[in-house]
Amino acid sequence: MADTDRTSTAGAPLHVVVVGAGVAGLGTALALATSGQRVTLCERDATPMPGDPDAAFAWDRRGAPQVRHSHALLARLRNLLRDRHPEVLAALLEAGATEMVFCDMMPPEIDDPTPQPGDEDLVALACRRTTFEWVLRRAVLEHPEVDLRVGLAVDGVIATDGEAGRPVVTGVRATDADGRTDTIAADLVVAAAGRRSGAVRWLAELGVEPEVVEEDTGIVYLSRFYRLLDGATPPEQTGPIGADLGYLKYAIFQGDNRTHSVTFAVRTRDDELRSQLLDPSAFEVAAGLLPATAPWVDPAIATPITEVHVMGGLLNRHIRFRDEAGEPLVLGLVAVGDAHTCSNPLYGRGCSLAMVQAELLADAVAGHGADLHALVTAYEDASTTEIEPWYHAAVAQDRMARDAAARERARAERGQEPGTDPGADDEADPGSFMADVMREGLLPAVRTDAVVFRAFIRAFNLLATPDALMADADVLNRVMRAYQERDQRPPEPVLGPPRRDMLAALAS
Ligand SMILES: Cc1cc2nc3c(=O)[nH]c(=O)nc-3n(C[C@H](O)[C@H](O)[C@H](O)COP(=O)(O)OP(=O)(O)OC[C@H]3O[C@@H](n4cnc5c(N)ncnc54)[C@H](O)[C@@H]3O)c2cc1C
């Protein structure tokens, strides 16, 4: 993604219909309007614009139910706003979001806390998803080029026959909140309708079948939000913000306006733990047992402000809108955000990638305008480089985590404590070795070695390619050194009880 000003080099502005005003749709509208395109933004949810962040927190956004869950807004997203939409970053801070400066949160054991060039990029945003979306929508509404139509559901597309049997989408069919249907003509239609987007169905009606690759994440999300009590200071955060216990993954997320949230991810098949954690009092017990969340749910400093929200059906999914030769299957329609590529929410990448992809699209539109073949090709090429690798990374990370969890269950059945002595079967398993290197090499090195700390923060925040961390020979050597020294230091801190102890605590 070029960091330069985007000035259209390709003729008259286009009229673009964007379907869905979630993060991807709003980001697309903002990026296109900034470069002078005309946008009609259609959002099915017919809810009025809230007046402030707390009203936005109660926003009826049933079209995007994940807004009720914790959202990490990574440094890649914050830097994109800083560089391309500084007014939005300023408005977020004005609305109560804060910047999380990673180098101010270095663990106390770090070997060299001296500031380095590039540290100014290692900054994420602490903000609820609803506040982020509310500020983004306000910024979009400032643009006279954008016509936001709420309560308008797009049902399908209209198209003409193009060259080589490839349809050209020329607009959308839509139904308003009173049931009236209409068509809207467009030079370009952008499907930004989220993980349940109808784009594949709309294309099927034209006889086009994009390839959909997907893999279930195997987890269910449970989240609860809290607010710090008046006068309470937030706990100091220099240790891990969460952990993967195999049977349970958890994290603490800081929000705006003195809010924060705790999220648990439970295996889809673990009905026992999931049903327990749905009970708010059991949720409190569990959060109180985990070192990263316990200080944040202490009733002396914070109070819950929601029930426990649950969400399942979480897939990694990538849709290929081109054929094997790289030719577009359709012209006049592209997808952005989850409607194009969505990944396990645990990695917190969806909003950042959606905003990056919105900018990639605006770049392609500015560069190619009404030359739809060149536009779609440039956009999909850029998405293949910048977005698709994160789909594959998420699938690989999920498989590794699933395998590690299966090994932990096997160890537990053999009566061994989590993370102790690999069994004979494990020793020959390269997956087991990698998991051990992560736990006893990478994690301690992140805590103690400033080079590994920065490399890890960069990778986690999408500031490097997915394989950059372990492809860097210096970083890898440092990680392996920490791994080899594992017997010369105290055991890694325990990040939570084994499953049987957790269930026993919840039952009592
Ligand atoms: C549980 C959970 C936790 C997550 N945590 C994180 C996180 O920590 N960090 C992060 O960056 N990402 C996270 N994500 C991912 C993130 O929420 C998505 O990647 C992001 O919302 C993508 O935005 P989107 O605009 O593509 O889709 P959405 O935000 O889902 O928006 C789609 C919009 O389209 C509208 N719509 C749908 N169909 C139509 C139609 N036919 N006509 C008109 N409008 C329509 C919907 O009403 C909705 O407003 C999480 C996701 C989940 C499920």
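## Packing around helix 3

R78, L81 and R82 in helix 3 meet P86, V88 and L89 in helix 4, where contact requires that the C-beta atoms, placed from the backbone, lie within 7 Å. By class, this contact of helix 3 with helix 4 has four nonpolar, no polar and two charged residues, with Ala, Val, Leu, Ile, Met, Phe, Trp, Tyr, Cys and Pro counted as nonpolar, Asp, Glu, Lys and Arg as charged, and the others, Gly among them, as polar. The model is predicted, so local features need pLDDT of at least 70 and side-chain atom pairs count only at pLDDT 80 or more, whereas totals for chains, interfaces and linings use all residues. Residues are numbered from 1 along each chain as its sequence is written.

Helices (H or I, at least four residues) and strands (E, at least two) are DSSP runs, numbered from the N terminus. Axes are lines fitted to C-alpha atoms, for helices over the stretch in contact, and angles run from 0 to 180 degrees between N-to-C directions.

| Helix pair | Angle | Axis separation |
|---|---|---|
| Helix 3 and helix 10 | about 35° | 8 Å |
| Helix 3 and helix 4 | about 120° | 5 Å |

On the helix 10 side, R76, L77, L80 and R84 of helix 3 meet C351, S352, M355, V356 and E359, a contact with five nonpolar, one polar and three charged residues.

Elsewhere, an open sheet of three strands has the order 10-17-19 with antiparallel pairing, a pair needing at least two DSSP bridges. Helix 12 (residues 388-413) lies across strands 10, 17 and 19, running at about 150° to strand 17.

Note on methods. Two residues are in contact if their C-beta atoms, placed from the backbone, lie within 7 Å.
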